[in-house]
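Visitor: Can we go through the aromatic contacts in this one? I'd like to know what pairs with what.

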Amino acid sequence: MAYRSGRHFLQIPGPTNVPDRVLRAMDHPTIDHRGPQFRTLASGLFADLPTIFGTEQPVVVYPSSGTGAWEAALVNTLSPGDRVLMYETGHFAALWSNMARRLGLDVEVLDGDWRSGVDPARVEQHLADDDEHAVRAVAVVHNETSTGVTTDVAEVRRAIDRAGHPALLLVDTISSLASIDYRHDQWGVDVTVGGSQKGLMLPPGLGFNAVSQRARAAASKARLPRSYWDWQDMLDANANGVFPFTPATNLLYGLREAIDMLLEEGLDQVFARHQRHAAATRAAVDAWGLETQCRVPSEHSGTLTGVQVGEAHDADAVRAVALERFDLSLGAGLGRLAGKMFRIGHLGDLGDLTLLGAIGGVEMSLEQAGVTPSASGLTAASKHLASNQS
């Protein structure tokens with residue numbers, strides 16, 4: 001392939017761009033994962049990771065994708081045939097429910113429209129009707145990566161409590177962790193699932209479970225088969241600053257640097273930056289005369305924006321132009337949204353000029369793909385950023 005000058009614009013909603021500081025941290029000789037130097041690294045991570053999740057409880061770290069962390073959440077808390085209530089807010093919520101079925105769980109799905117988040121009233125009613133408390137867990141996605149829609153997790157917990165139901169609450173934060181305000185303890189979450197490749201600004205390869213005391217109590221009785229994913233094996237080893245098997249050492253070096261960067265900026269500022277960039281992106285979409293996939297203003301994602309192109313156009317054609325002409329990668333529409341929308345990722349290590357460059361690339365791609373913008377989205381986004389300084 002011919003050399004292409006300039007940087008590639010990776011504007012998918014994860015994996016995200018890896019900052020130079022993190023890259024340099026990972027460019028380090030591998031060390032003995034049973035030695036004292038590694039124990040110092042790991043012990044510091046185990047102490048600081050809970051802050052990122054908003055918890056004082058332990059966070060289990062796996063060498064895995066986020067999908068592996070999904071499985072860990074299920075197999076540690078449930079037994080064969082247990083009933084799980086899941087809410088289909090989009091493609092990734094559907095994948096998680098499919099996994100639960102394959103693991104031998106009895107899955108009840110509340111269908112969604114893929115344009116809005118979880119309706120707490122429906123969850124509350126379903127659980128209120130469950131007189132025998134057959135539902136053992138409620139599983140929801142905080143930020144649905146396929147649609148750009150965020151769910152109010154605190155309200156879901158309140159709905160469970162109003163129903164007087166003992167179900168555990170399992171939450172996927174793979175595309176919201178370290179980007180959108182999240183509070184594991186305060187919101188009464190039992191298992192929070194995370195991954196390294198989005199807001200944590202790392203390559204793929206680390207999966208996370210933040211676990212409540214209720215979740216650990218459930219794990220002591222759960223009977224789904226587990227070995228690699230067993231929390232107790234991990235927690236016992238972690239107490240001594242090690243892992244029960246070979247860890248992803250160099251990714252852990254990167255994680256150390258990423259956490260330091262997040263804490264230096266301040267998590268509140270990180271969340272505000274993401275919301276500001278999301279609002280600027282939506283201003284661009286409005287100027288183009290297009291519609292976001294999310295239809296409820298309060299549920300707009302801070303990490304990505306799904307853009308509908310209308311029935312007369314093909315979103316994948318826009319994405320193809322963006323990549324071929326401008327070296328810009330946009331997220332595809334997934335599942336039932338294939339070809340109908342594209343996704344602009346605006347999370348992780350991102351500044352104003354990078355965002356404006358991406359929006360300019362999208363605008364040119366729309367024009368060349370035959371989707372004529374009503375007005376300049378680049379101008380609208382730049383005006384929003386200029387009038388809303390961080």
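Predicted model: local features only at pLDDT ≥ 70, side-chain atom pairs only at ≥ 80, totals over all residues.

Visitor: Where do F46 and F243 lie?

Guide: F46 is in helix 2 (residues 36–53), while F243 is in the loop between helix 8 (231–238) and helix 9 (249–265), so the pair ties together parts 197 residues apart in sequence.

Visitor: And F243, buried or exposed?

Guide: F243 is buried, with a relative accessible area of 3%.

Visitor: What about Y62 and W229, what geometry does that pair have?

Guide: Edge-to-face: Y62 and W229 are 5.1 Å centre to centre, with 70 degrees between the planes. Y62 belongs to strand 2 (residues 59–63) and W229 to the loop between helix 7 (213–219) and helix 8, so the pair ties together parts 167 residues apart in sequence. Both Y62 and W229 are buried.

Visitor: Which residues do ring pairs link into a cluster?

Guide: The cluster consists of Y62, Y228, W229 and F245, linked by ring pairs.

Visitor: Switching to charges. Which ring does R7 lie over?

Guide: R7 lies over the face of F9, 4.6 Å from the ring centre.

Visitor: And where does the charged end of R325 sit?

Guide: Over the ring of F326, at 6.0 Å from its centre.

Notes. Residues numbered from 1 in each chain as written. Heavy atoms only, no water. Helix = DSSP H or I, 4+ residues; strand = E, 2+ residues; numbered from the N terminus. Buried < 20%, exposed > 50% of the residue type's maximum accessible area, 1.4 Å probe, protein only. Phe/Tyr/Trp six-rings, centres within 6.5 Å; stacked < 30°, edge-to-face > 60°. Lys NZ or Arg CZ within 6 Å of the ring centre and 35° of its normal.
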